[in-house]
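This report describes selected features of a structure: salt bridges, a helix packing and a surface patch. The sequence and structure come first.

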Amino acid sequence: MTDRHTPVWADDPGLRGAPHDPSYGPGEGQGRRVQWPGAQSQDQSWSYEQQQYVHQAHPAAQQGEVTDTGSWRFDGHTSSYTDQLTYDTFAPYDPYATYTATEPAPAPAPVSPEPEPERPGYVLPPVQESSWAVDTGRSRLLGRLVLLCVLLIQAGLSLRLRGTAFEDEALYVLAGHYEIGNILHGTPVPGDFEGYFSGYPKLYPVLAAMVDSVAGLAGVRVVSLVFMLGATSLLYGMTRRMFDVRAAIGAAALFSVIQSTVFLGNFATFDAAAIFLLALSAWIVVRTGRAPIVAVVLAAPPAVLAFATKYAAGLYLPTLVVLAVLTAYRHRGVRALARGVLFGGAMGALLGAGYLFAGSLGGISQTTTDRAKGADTAAQLLQHSAQWGGLMFLTAVGGSLAYAIRPHMGEMPWLEQVGPGRFRRIALGVLLTGTALLAPAYQIHLHTEVSLFKHVGFGLLFAGPMAGLGISRLVGPHFRHPQLGIMLYVLTLVFGMVQSQQNYSFPDSREMTAVLRPMVDRKGTYLAEEHEVPAYYLRDVTGYAQWQGTFGMDYTDKKGKRYSGPEAYAAAVKDAKFDVIVLRGTVTPDVDTAVTNALRGNPHYRLAAVTRFTTSKGDGAYRIWVKR
Amino acid sequence: MTHPHRTARALRPVRLLAATLLASALLAGCTTFSEKGRDEYERAQGEQPGAHRSPGETSAPTKPEPPYDVRPLLRPAEKYLGVAADGAPAKMTAVADFAKRGGKKPNLIEFYSAWGDQYETRMVQNAWDYGALAFIAWEPFDASLKDIASGKEDDYIRSYAQSVKELNLPVAISFGHEMNGFWYPWGTKKATAAQFTAAYKHIHDLFDDEGATQVIWVWSPNVVNPMPRVKLRPYWPGDDYVDWVGVIGYYAATGPSTYKTLYGPTMTQVRAFTKKPFIIAETAAQAGERKPADIKDLFEGTAKRKDVVGLVWFDFDKETDWRINSGPLSQQAFREEAAAPSFGFDVTKR
């Protein structure tokens, strides 16, 4: 904190006695009584400009009197100047004042080079600047209040989305109920969940099922909202630690309104939990940047947990490791590297332990590393990624560039600015901003757009600090262009709001399950497209194993002939193997066509109901057939 | 204390950044706020794209009501006791009169609906309130079977189906009854069997498409006796299109006068291609000395066959007096036969 103050006439001996006290001339400030010409280079340039301005205003002064102080001299006609500063300010425009130039300063005596200062035992971290002052308790409090508003807006945006359970939500929550039974009583789970889930089925699904038993699906979704609010808060904390309060507010504000955040805040899948754990790990990495390097090990459990919760989060573990190297503020060179190695080693050890505990998981390859290749083109994926996260990504790019050019905005030029070196700044920008490209790049490699709109959010969490810095630089020093920052936030908000609403659009299954409820029991076999949804809503009257989905089936008919794929469904329907058939018509078109054809002229089934729904992709209907 | 020189330099990247962000926002906006994007947004909110609701109108989501499950009505353990009476079920006086004279409330009320008429929701509701299932004989007088099959009448059929779905009460519909006879415009003289099945299936498909699953589909040929050369099989739309085979045959003064001779040949022919249950979709006995015996024969024949779900008495004085009260003995016979517990049940309790 600076103790600058402007001296008043009364307590200034120089104005009463001596002609001038040089210490109050322009160029002096903040209580550092340094003789002009100052030894500090910053002060020198500052005063120089001032002096220059005065000279330009009164060229005649250059041939005026020469005094030992060099200033404006008051000739006695006016007496309304209360102090020297006022005097110096208005004298150039006062016809009664005359300028006195200084004698040229004596050439500085050759001084012996100062002895090399001893390496201090502890280097203070760079002081964060915020407006005219360094970040104080007050600005932190203000920042937290703004963060609270940001979180409220985020919660509002998420909670305005409504809908019945999506296929994945239904599956995970339902699976969680069976996993709880498996853990508590050892009852077998009805399906190879570990083989095709995109996260470990004994983690998030168990939590989701526990909440579901108490508060239903809405409760599970609220847990996701808490995770996402937590992620935003951790991003705030992380960015404040790395940069300053303003960047932190910008990061939290942008991240809180992009469509993936809004969407996942009301979506009961692995994603929200994984994002929260990644954010927690990143926050610990940054938070322990000044602590002894061992402290970084604390960040390993949440990182590994994030990976176990959703295998796709593993894509971001390398980012965390590099981040651990780059944020080792106190340590340079080898020790910083050691921090990264330590962190990576800790994660590796935990992953190894997890592997021993859980065994090989087929789900990792099936859902993440070796996912079935799709037919989506790179151009389409890029276009959609840009649409979903482009604005925030570009802000992060801008922030990275600005950061690479200058570590600070120079709002407090009198402060000696000790920021990270240029290499570290560039590396940080490239790392964090580049991480946002991981998910789109990986999915372009897989040619599939499945869940990409959710996955862009993972990368943008890491790009968040740079985006926050970008928005803070856009606003400029001393809040010069607040309108730009507000515009950017509002634009992002509008896009996030509209896009999340477009994506958060699942078929309304209420009517369908209401129709099915009296038709099902504990004995029947049911074929349903997206069978997880009715299986979840009717779990009190049916078991999961009674439901057959349309993603694949083998069937052997009465004559012993084996079928697979759509033919298997057609044969099973012709043999009236299912008691109820529910088709939606868009998820698995091949099987739908096969089943519909098998129902034509089929004496066993009767159409029981058609329940319509509207999603953002168009109108559709569940068609429900029952045995006559 | 400003630094004019420095400000100008600092502004340039800011402007550049702002311009880039604005451009990308516009670009993204082109897709998110395009017409397609707007449609998606409106649909996601459960609105029809482009439909601007007036402020007073609300989209109050109605509580989903499952469609009536007609399956318990298809093969009930007891038999339907049906009636087609003058003015019913718009006015229930004739039905009440029939119930009084017959000694039992009918649980199926048949009436006729011309092509182009809207679905008579009030009449169906009336019948249901009385405790009877409505049975509509849908007569395509004003449209050819060909036109119906080709889709020219789709709008009408769809609106009819929507009304059926909306009312959500079970209803039996027989389209183009007595199609194997020559006397109707949809009969053998003016249309072919292929046209009949195409039209029948087309109507059924449209009902399915609209989700009007409350319909019990009745395929209703006349007994084959008057035109033995017209085979029924070509007129059969298929097992998945029909719930009941509604045989129409009267005990006339001349012609077959026993259950076996009147309905037997038709039923035998039908059994060759389907196992769907029968209903005697229209019947009565001509006034005369034999009438009480005919009534007895009808009830007993129906009771004996497990695959006949009931009968519908044509209680009109049209051409001849078909009513049960044409004579005291007839009425007496009807009362006795209808009193059997196997006839009549409350359709609303199934």
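The sections below start with conventions and then take up the features by topic.

## Basis

This is a predicted model, in which local features need pLDDT of at least 70 and side-chain atom pairs count only at pLDDT 80 or more, while totals for chains, interfaces and linings use all residues. Residues are numbered from 1 along each chain as its sequence is written, chains are lettered from A and ligands numbered from 1 in the order in which they are written, and side-chain values use heavy atoms, with hydrogens and water left out.

## Salt bridges in chain A

Over all chains there are 25 salt bridges (a side-chain nitrogen of Lys or Arg within 4 Å of a carboxyl oxygen of Asp or Glu). One of them pairs A:Lys202 with A:Glu179, with 2.9 Å between the closest N and O atoms. A:Lys202 sits in the loop between α6 (193-196) and α7 (204-242) and A:Glu179 in helix α5 (residues 167-185), so the bridge ties together parts 23 residues apart in sequence. Helices (H or I, at least four residues) and strands (E, at least two) are DSSP runs, numbered from the N terminus. A:Glu179 is buried at 1% relative accessibility, and A:Lys202 is partly exposed at 25% (buried is under 20% relative accessible area, exposed over 50%, partly exposed in between; 1.4 Å probe, protein chains only).

A:Asp579 and A:Lys627 form another salt bridge, at 3.7 Å from N to O. This pair links distant parts of the chain, 48 residues apart: A:Asp579 is in the loop between α22 (566-574) and β10 (580-583), and A:Lys627 is in strand β12 (residues 618-627).

## A network with chain B

B:Glu210 and B:Arg158 meet in a salt bridge at 2.8 Å, N to O. B:Glu210 belongs to helix α8 (residues 193-210) of chain B and B:Arg158 to helix α7 (residues 154-167) of chain B, so parts 52 residues apart in sequence are tied together. B:Glu210 is buried, with a relative accessible area of 10%, whereas B:Arg158 is partly exposed at 26%. Salt bridges with shared partners join A:Arg623, B:Arg158, B:Asp209 and B:Glu210 into one network.

## Helix packing

In chain A, helix α17 (residues 438-446) packs on helix α18 (residues 452-475) at about 140°, with axes 7 Å apart (lines fitted to C-alpha atoms over the stretch in contact, angles running from 0 to 180 degrees between N-to-C directions). α17(A) and α18(A) are therefore oblique to each other (under 35 degrees is roughly parallel, over 145 roughly antiparallel, 65 to 115 roughly perpendicular, the rest oblique). A:Ala439, A:Pro440 and A:Gln443 of α17(A) make the contact with A:Leu452, A:His455 and A:Val456 of α18(A) (heavy atoms within 4.5 Å).
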